[in-house]
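Hi,

Here is the structure I promised to pass on.

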Amino acid sequence: MFLNHLTLLNYKNIASKSFDFTSKINCFVGKNGVGKTNILDAIYHLAYGKSYFNPLSTQNIKHEEDFFLLDGVFIKNSKEEKISCSIKRGQKKIIKRNNKIYERLSEHIGFIPLVIISPSDSDLIIEGSEIRRKFIDTVISTLDHHYLNQLIQYQKLITQRNALLKYFALNQTFDKDNLAIYDEQLAPLGKIIFDKRQHFLNEFTPIFQKYHTHITNQNEKVQLVYQSQLMNSSMIELFHQNLSKDRALQYTSNGIHKDDLSFEIEGYPIKKFGSQGQQKSFLIALKLAQFEFIKKESGELPILLFDDIFDKLDETRVEKIISMVNDAVFGQIFISDTHTERTESIIKSTHQSYTLFNL
Ligand SMILES: Nc1ncnc2c1ncn2[C@@H]1O[C@H](COP(=O)(O)OP(=O)(O)O)[C@@H](O)[C@H]1O
Ligand SMILES: [Mg+2]
């Protein structure tokens, strides 16, 4: 599967641009701020229906403009697939496949398997648990169509439960049966999501560890430790145990919406104890494992977006990674970098077909 052609209109700083791509290596080079990352994000947007960097869709519209439009022509199983994504200020986002509008975004997720590696991945280590849940959820959603709908449904019920808790507090009232209506629907959904996350991490962790060893040439013990309140209690037990707390807080303080993933090296959290270099290796292993996992489960070669490729890797490692295109480990790759010569010399050494776009 690969992206053959891309058109952008009013997407972030790009007024209008069109590209024809090779099915192998594509590079965007140019100074900081020209829009390299924005173009990669446009490709991400076509695959996931949203920006990787800015989830507020209207902020992806070029300043002073009224809409953006992205058009991509992908070749999948030797067939042309036209995916378009557009939004007008004040209106709903529209995603189409071959001119037919999707009713739900979840129907599209997974159709274009794609993995992005970017300097902002460091947020996965630095930031709160939400971004790590999003990482897990993105990978599972790519492979499991029901998962995203189950998550959306769960979140909807949590919002309603929270509104009810707020109503109780505001009106100094309480109705056990009314709350139970939500608890009884949340419990089975929460359990399904918990099981899927746990199953995913069991399969994913060994792949991650393999890549980590491969990249670092060392045998540091790295772990992805799934932390969920559902490890020790059922959702119903959690709701019962925390009833007075939830009533006081006026929101649902327990459940799979609080799950986290602890990134550990030699048993210690990498956020506190990992060096810069260890953190970078950890993140790149995580993303390459995502690539291999999706490939293994879907049978398709995901598109790989490598933003600021020299940010995480030195030249030897970049060469090693790029050469993996030769061994058919990777399919189509998009790379961005600020130095034309540096990029070109490494890519030439792979003897693969490539296109270089000077922005
Ligand atoms: N909605 C928007 N409208 C106009 N410009 C935008 C918008 N969002 C981001 N930008 C601009 O895009 C530029 C950054 O582009 P980027 O792709 O990150 O550059 P780089 O080539 O360094 O990767 C910045 O100058 C930023 O202000
Ligand atoms: Mg950039």
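Before the sheet, one definition: I call two strands paired if DSSP finds at least two bridges between them. Keep in mind, too, that this is a predicted model.

With that in hand, the sheet is an open one of 6 strands, running β2-β1-β4-β5-β6-β7 with antiparallel pairing. At the edges sit β2 (14–20) and β7 (100–101), each of which pairs on one side only. Inside the sheet, β4 (residues 67–76) and β5 (residues 79–88) are joined by 10 bridges in the antiparallel sense.

Next, the ligand. How many residues surround ligand 1? There are 14, and the closest are Gly33, Lys36, Thr37, Asn38 and Ile61. I looked at a few of the polar distances to oxygen atoms of ligand 1:

- Gly33: a polar backbone atom is 2.7 Å from a ligand oxygen.
- Lys36: here a polar side-chain atom lies 2.8 Å from an oxygen of the ligand.
- Val34: a backbone N or O atom is 3.3 Å from a ligand oxygen.

Which of its residues are buried? They are Thr343, Ile346 and Ile347. These three lie on the same side of α11, because they cover an arc of only 95° around the axis. As for what covers them, the list includes β3 (25–29), α10 (315–323), β13 (333–337) and β14 (354–358).

Leaving out residues up to four places away in sequence, Glu292 touches Ile207, Lys210 and Tyr211. With Tyr211 there is a polar contact between the two side chains, at 2.8 Å. Glu292 also has its C-alpha atom 8.5 Å from that of Val329, although the two residues are 37 apart along the chain.

That's what I have for now.

Cheers

Conventions: Residues are numbered from 1 along each chain as its sequence is written. Chains are lettered from A and ligands numbered from 1 in the order in which they are written. This is a predicted model: local features need pLDDT of at least 70, side-chain atom pairs count only at pLDDT 80 or more; totals for chains, interfaces and linings use all residues. Side-chain values use heavy atoms; hydrogens and water are left out. Buried means under 20% relative accessible area, exposed over 50%, partly exposed in between (1.4 Å probe, protein chains only). Helices (H or I, at least four residues) and strands (E, at least two) are DSSP runs, numbered from the N terminus. The arc is that of the directions from the helix axis to the C-beta atoms. Contact means heavy atoms within 4.5 Å. A residue is near a molecule or strand if one of its heavy atoms lies within 4 Å of it. A polar contact is a pair of N or O atoms within 3.5 Å; within protein, one must be able to donate a hydrogen and the other to accept it, and residues adjacent in sequence count only if both atoms are side-chain atoms.
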